[in-house]
Amino acid sequence: GPVYDLHRTVVLVGMMGSGKTVIGRALSARLAVPFVDSDAAIEEAAAATITEIFERDGEAFFREREAAVLRRLLSGAPGIVSTGGGAFLAPSNRAAIAEMGVALWLNVDLETLWRRVRQKDTRPLLRTLDPRATLARIYEERTPVYARAGLQLDVKGDASIDETTQGVIDV
Ligand code: S3P
């Protein structure tokens with residue numbers, strides 16, 4: 001698959017809770033290639049958490065930082081990049097990824113996503129009265145967009161990190 005002959009950065013895209021960060025890190029360790037998580041890079045540069053950035057500066061500011069970080073990572077040495085779940089929505093981000101890398105969508109079912117994200121309080125978009133319904137709405141809206149990624153891996157809800165990592169390698 002694309003990660004074996006790494007001429008282009010592989011950008012993991014997909015919903016909150018789809019495992020982009022965990023699988024990106026595992027891929028990087030397994031293949032000895034660089035890995036950057038774009039949310040972590042934004043947090044480091046801002047010396048603030050994603051939640052604090054959303055609260056203090058607003059989502060639009062976060063999206064600007066996200067686009068800038070993504071471009072910087074794509075213009076560097078090839079490696080694995082995990083994005084936040086919204087990064088692939090902006091057409092300009094999709095264009096940059098298609099031009100300088102390749103997008104790989106981790107496609108995970110809604111129930112599994114909910115099971116994973118409900119335990120955490122790190123997603124400002126889910127700070128609503130009914131976070132489960134919000135997640136479902138975001139899932140419906142975004143699925144057709146994620147489907148435009150160059151590569152796709154359908155991940156079973158009970159797949160282990162090793163299985164999913166191998167799945168990405170075999171895509
Ligand atoms: C977001 C997902 C988050 C983070 C921010 C917005 C989104 O990343 O970038 O809270 O729009 O889906 P994860 O996908 O890593 O949760």
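In this predicted model, residues V22, I23, A26, L27 and R30 of helix α1 meet I161, T164, T165 and V168 of helix α8. This helix contact is taken up below together with a second one, between α3 and α4, and with the open sheet of 5 strands and the largest nonpolar core, which has 31 residues.

**Packing of α1 and α8**

- Helix α8 spans residues 161-170, and its axis lies 9 Å from that of α1, the two packing at an angle of about 70°.
- Because angles of 65 to 115 degrees count as roughly perpendicular, α1 is described as roughly perpendicular to α8.
- The residues that make up the contact of α1 with α8 divide into 6 nonpolar, 2 polar and 1 charged.

**Packing of α3 and α4**

- The axes of helix α3, residues 50-57, and helix α4, residues 59-75, come within 7 Å and cross at roughly 125°, and α3 and α4 are therefore oblique to each other.
- On the α3 side the contact involves I53, F54 and D57, which meet E59, F61 and F62 in α4.
- By residue class, the contact of α3 with α4 comprises 4 nonpolar and 2 charged residues, with no polar ones.

**The open sheet**

- The 5 strands are arranged in the order β2-β3-β1-β4-β5 and form an open sheet in which the pairing is parallel.
- The edges of this sheet are formed by β2, at residues 35-37, and by β5, each of which pairs on one side only.
- Neighbouring strands of the sheet are turned against each other by 20° on average, with direction ignored.
- Strands β1 and β4 pair in the parallel sense over 5 bridges, and L12 has L104 in β4 as its bridge partner.

**The largest nonpolar core**

- Within the largest nonpolar core, which has 31 residues, those with the most contacts inside it are V11, L12, V13, A103 and L104.
- At least two residues of this core are supplied by each of the strands β1 (9-13), β3 (80-82), β4 (101-108) and β5 (151-155), and likewise by each of the helices α1 (20-31), α4, α6 (110-117) and α7 (131-146).
- Strand β4 provides the largest share of this core, with 5 residues.
- L12 and L104, which are bridge partners, are also among the residues with the most contacts inside the core.
- As a general background, nonpolar side chains tend to be buried together in soluble globular proteins.

Terms used:
Residues are numbered from 1 along each chain as its sequence is written. This is a predicted model: local features need pLDDT of at least 70, side-chain atom pairs count only at pLDDT 80 or more; totals for chains, interfaces and linings use all residues. Axes are lines fitted to C-alpha atoms, for helices over the stretch in contact, and angles run from 0 to 180 degrees between N-to-C directions. Helices (H or I, at least four residues) and strands (E, at least two) are DSSP runs, numbered from the N terminus. Angles under 35 degrees count as roughly parallel, over 145 as roughly antiparallel, 65 to 115 as roughly perpendicular and the rest as oblique. Two residues are in contact if their C-beta atoms, placed from the backbone, lie within 7 Å. Ala, Val, Leu, Ile, Met, Phe, Trp, Tyr, Cys and Pro count as nonpolar, Asp, Glu, Lys and Arg as charged, and the others, Gly among them, as polar. A nonpolar core is a set of buried Ala, Val, Leu, Ile, Met, Phe, Trp, Tyr and Cys residues joined through C-beta atoms within 7 Å. A residue is buried if 20 or more other C-beta atoms lie within 10 Å of its own, exposed if 12 or fewer, and partly exposed in between; C-beta atoms are placed from the backbone. Two strands pair if DSSP finds at least two bridges between them.
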